[in-house]
Amino acid sequence: MYSEKVMDHFTNPRNVGEIKDADAVGQVGNPKCGDIMKMYFKIENDTVKDVKFKTFGCGSAIASSSMATELIMGKTIDEALALSNKAVAEALDGLPAAKMHCSVLAEEAIKSAIYDYAQRNNKEYEGLKGYKPPTGDEDHHDLVEE
Ligand SMILES: [Zn+2]
């Protein structure tokens with residue numbers, strides 16, 4: 001049911017933890033599944049210098065956050081914003097359809113953190129156009145194309 005990569009990132013997640021003096025923090029949650037994902041960023045010259053996450057949730061949510069942080073490490077903010085949940089799932093060699101919402105959460109955690117960064121520094125990013133910060137009552141299952 002789960003690919004080797006999902007199992008690998010679930011049992012041995014990368015970039016777990018917290019950045020004390022983070023430049024940006026994003027938190028998103030999925031009330032239905034109970035997943036909560038928090039991401040911390042160190043940003044320099046619009047580049048992701050460091051990123052760490054804490055995820056409480058199912059194995060797919062943990063694997064997705066781990067893979068997402070690996071994919072955006074060292075990338076520019078614009079590149080990080082362009083990371084889609086599909087790209088995260090593909091990098092994991094796929095997720096079961098019922099678990100795709102967990103990769104959506106990873107994409108949203110990144111957007112939420114960069115939104116925080118944009119707010120703090122009075123910046124605007126193309127990838128945040130039309131973005132609204134989560135209020136906590138979204139149903140992420142609606143975002144999944146099945
Ligand atoms: Zn989940």
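Where is the place of aspartate 46? It is in the loop between β2 and β3. Hold on to that loop; we come back to it.

Some ground rules. This is a predicted model, where local features need pLDDT of at least 70, side-chain atom pairs count only at pLDDT 80 or more, and totals for chains, interfaces and linings use all residues. Residues are numbered from 1 along each chain as its sequence is written. Helices (H or I, at least four residues) and strands (E, at least two) are DSSP runs, numbered from the N terminus.

The sheet, then. It is open, has three strands in the order β1-β2-β3, and pairs antiparallel. Two strands pair if DSSP finds at least two bridges between them. The edges are β1 (24-30) and β3 (47-56), each pairing on one side only. On average, neighbouring strands are turned by 15° against each other, direction ignored. For that angle and those that follow, axes are lines fitted to C-alpha atoms, for helices over the stretch in contact, and angles run from 0 to 180 degrees between N-to-C directions.

Now the pairings. β1 and β2 (residues 35-44) run antiparallel, joined by seven bridges. β2 and β3 are antiparallel too, over nine bridges. Look at isoleucine 36 in β2. Glycine 29 stands opposite isoleucine 36. In β3, the bridge partner of isoleucine 36 is phenylalanine 56.

Back to the loop. β2 and β3 form a hairpin with two residues between them. Asparagine 45 has a positive phi of about 50°, although it is not a glycine. Aspartate 46 has a positive phi of about 60°, and it is not a glycine either. Burial is counted on C-beta atoms placed from the backbone: 20 or more others within 10 Å is buried, 12 or fewer is exposed, in between is partly exposed. Asparagine 45 has 7 other C-beta atoms within 10 Å, so it is exposed. Aspartate 46 has 14, so it is partly exposed.

What packs on the sheet? Helix α2 (residues 59-72) does, touching β2 and β3, and its direction makes about 175° with that of β3. Contact here means C-beta atoms, placed from the backbone, within 7 Å. Helix α5 (residues 100-121) lies across β1 and β2, at about 145° to β1.

Next, helix on helix. Helix α1 (residues 4-11) packs with α2 at an angle of about 85°, axes 8 Å apart. That makes α1 roughly perpendicular to α2, a label covering 65 to 115 degrees; under 35 is roughly parallel, over 145 roughly antiparallel, and the rest oblique. From α1, Val6, His9 and Phe10 meet α2 residues including Ile62, Ala63 and Met67.

The core. A nonpolar core is a set of buried Ala, Val, Leu, Ile, Met, Phe, Trp, Tyr and Cys residues joined through C-beta atoms within 7 Å. The largest one has 36 residues, and Met39, Phe41, Ile110 and Ile114 touch the most other members. Its largest share, 11 residues, comes from α5. Leaving out residues up to four places away in sequence, methionine 39 touches Gly26, Val51, Phe53, Ala109, Ile110 and Ala113.

Last stop: alanine 89, in helix α4 (residues 85-91). Alanine 89 counts as buried because it has 25 C-beta neighbours inside 10 Å. Beyond four places in sequence, alanine 89 is in contact with Gly94, Leu95, Met100 and Ser103. Alanine 89 and valine 6 sit 83 residues apart in sequence, yet 9.1 Å apart in space, C-alpha to C-alpha.

Notes
Contact = placed C-beta atoms within 7 Å.
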